[in-house]
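Please open the structure in the viewer and follow the selections below in order. Each stop names what to select and then describes what is found there.

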Amino acid sequence: MIDLTISEALQKLKSREISATELTRAHLDRIEQLNPELNAYITVTAERALADAAAADARYADGTARILDGIPIGMKDLFATRGIRSTAGSKMLENFIPEYESTVSQNLINMGTVLLGKTNMDEFAMSGTGRTSYFGPSVNPYSRDVKLMPGGSSSGSVAAVAAGLCMAATGSDTGDSIRFPSSLTGLVGMKPTYGLCSRYGCFAYASSLDHPGSIARTVDDAAILLGAMAGCDAHDSTSFPGADAVAEKLRAGITPADVRGLRIGIIRETMDAPGIADDVRAMFDRYVHDLAAMGAEIVELSVPHVMLTGTLYGVISRAEAASNLARYDGMKYGLRVDGADLNDTYRKTRAAGFGDNVKHRMLTGAITQTADFYTPCFVQAAKVRRLLANEFDAAMEKCDVILSPAAPTAAFPLTDDLNADAARVSNAMLVPMNMLGMPGCSVPAARNAAGLPMGLHIAGAFGDDVQVLSVAKVIEGMAALDNRPTIVMGK
């Protein structure tokens with residue numbers, strides 16, 4: 001049953017060919033078998049899952065089934081879940097049990113999903129590696145003799161979906177934290193328009209950049225999960241006013257785009273930059289050729305400041321993180337380490353509760369807010385962000401979507417990092433969508449000689465989530481890859 005897509009499972013549930021309880025037990029068995037190796041879940045909620053499944057079965061029996069009734073999912077541990085430990089991958093919140101529900105998780109409850117557990121993640125979503133979690137790193141299911149990186153920060157979510165430990169999962173994307181790991185694990189990762197999914201109850205990293213989104217094995221599954229997550233929310237002042245209408249379209253299903261006459265933009269500065277692996281570049285060039293042969297118009301774009309995106313992201317995200325994480329002081333919730341006085345308690349709590357990566361980002365972010373550095377660092381970054389927005393606005397007037405690789409390489413050893421060139425071009429390809437609130441989707445496009453996934457990235461104008469997914473569905477059809485859960489760890 002773990003081979004089923006969400007669409008297939010819903011058909012079988014409605015016809016009573018399978019039950020939600022059977023589907024849930026199959027995934028719980030898979031978690032028990034493989035989670036010790038993959039470390040995809042921090043907390044498994046088996047009892048809650050079986051209760052959710054039983055309730056779904058009852059609704060199927062009496063004809064009141066909901067849109068996603070009985071579908072087992074994983075929830076990134078960045079979303080607060082009432083009565084269930086919610087850690088943000090940190091020691092600071094290791095034992096935090098919220099008394100409230102995030103809007104995203106509540107929306108999914110309302111749609112009938114089954115919560116299997118809370119998935120692993122980089123501490124407070126601050127990394128692209130999956131290695132900074134207080135609970136240890138997740139492992140890419142495509143690993144064999146050497147453990148491979150799943151990417152981050154939604155590392156546990158992608159590992160769980162790719163290995164069949166859930167049918168789909170929530171993620172969050174501040175720089176590329178849904179799309180990059182989805183590319184490394186052969187999944188569809190959808191970062192929606194800013195504000196389409198509420199950030200209420202989603203532990204903040206950088207408020208102007210954080211995007212909750214969906215991770216699944218097919219475009220249709222990613223779309224229906226996103227449609228269930230999305231919607232306007234009075235609790236979130238940045239909620240997108242058109243979110244309800246977009247969510248309804250997503251739930252109605254995605255039709256492949258008509259490629260004839262579709263204007264596909266290619267940003268010259270990113271594709272001319274060093275750092276993209278030869279096999280990824282060859283895969284990208286092949287798709288550009290094939291899409292043109294199908295009738296698409298390939299448009300060369302220039303975004304002069306796009307290669308500065310990594311630096312821009314570093315300044316803005318860290319400044320916002322320093323502000324957002326100041327709330328973790330040991331006073332009201334989370335870890336508390338008592339000191340000699342109030343300031344000493346703050347120091348000891350934060351020293352013990354935050355990992356080195358989070359401390360570094362908080363400290364450097366705080367520096368940019370000081371009198372000496374605010375104008376030359378933060379204000380200048382804000383100006384460059386506006387400049388980048390103007391350049392992308394001009395670029396989007398010439399095209400319908402922008403195409404690029406979703407990652408500069410396939411998966412690599414868990415102990416390694418991207419080299420400087422690869423990291424810089426990766427930031428330039430993916431992070432602008434966070435800076436500008438544009439939707440972006442990673443879709444599996446090919447596998448390299450070692451059998452590792454490589455993805456393509458489709459970006460669209462603000463609010464064009466459905467079109468982005470419709471183009472992703474074209475790529476999915478061209479690739480015709482096996483989307484069943486991968487054989488894990490050489491087994």
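Begin by selecting Ser214, which is placed in strand 6 (residues 211–216) of this predicted model. With a relative accessible area of 0%, Ser214 is buried. Display its side chain: a polar atom there lies 2.9 Å from the backbone oxygen of Ala222. Beyond neighbours within four places in sequence, the contacts of Ser214 include Ala169, Ile178, Val188, Leu225 and Met229.

Next, select strand 4 (residues 168–173), where six of the six residues are buried, so the strand is largely enclosed by the rest of the structure. Ala168, Thr170 and Ser172 point one way from strand 4, whereas Ala169, Gly171 and Asp173 point the other way. In a regular strand, side chains alternate between the two faces of the sheet.

Strand 6 pairs with strand 4 in the antiparallel sense over six bridges, and Ile215 in strand 6 stands opposite Ala169. Strand 2 (residues 72–76) runs parallel to strand 4 and is joined to it by two bridges; here Gly74 is the residue opposite Ala169.

Finally, select helix 7 (residues 219–229) together with helix 17 (residues 465–479), whose axes come within 9 Å and cross at roughly 155°. Since angles over 145 degrees count as roughly antiparallel, helix 7 is therefore roughly antiparallel to helix 17. To view the contact, show Val219, Asp220 and Ala223 in helix 7, which meet Leu469, Ala472, Lys473 and Glu476 in helix 17. By class, this contact has four nonpolar, no polar and three charged residues.

Definitions and conventions
Residues are numbered from 1 along each chain as its sequence is written. This is a predicted model: local features need pLDDT of at least 70, side-chain atom pairs count only at pLDDT 80 or more; totals for chains, interfaces and linings use all residues. Side-chain values use heavy atoms; hydrogens and water are left out. Axes are lines fitted to C-alpha atoms, for helices over the stretch in contact, and angles run from 0 to 180 degrees between N-to-C directions. Helices (H or I, at least four residues) and strands (E, at least two) are DSSP runs, numbered from the N terminus. Angles under 35 degrees count as roughly parallel, over 145 as roughly antiparallel, 65 to 115 as roughly perpendicular and the rest as oblique. Contact means heavy atoms within 4.5 Å. Ala, Val, Leu, Ile, Met, Phe, Trp, Tyr, Cys and Pro count as nonpolar, Asp, Glu, Lys and Arg as charged, and the others, Gly among them, as polar. Buried means under 20% relative accessible area, exposed over 50%, partly exposed in between (1.4 Å probe, protein chains only). A polar contact is a pair of N or O atoms within 3.5 Å; within protein, one must be able to donate a hydrogen and the other to accept it, and residues adjacent in sequence count only if both atoms are side-chain atoms. Two strands pair if DSSP finds at least two bridges between them.
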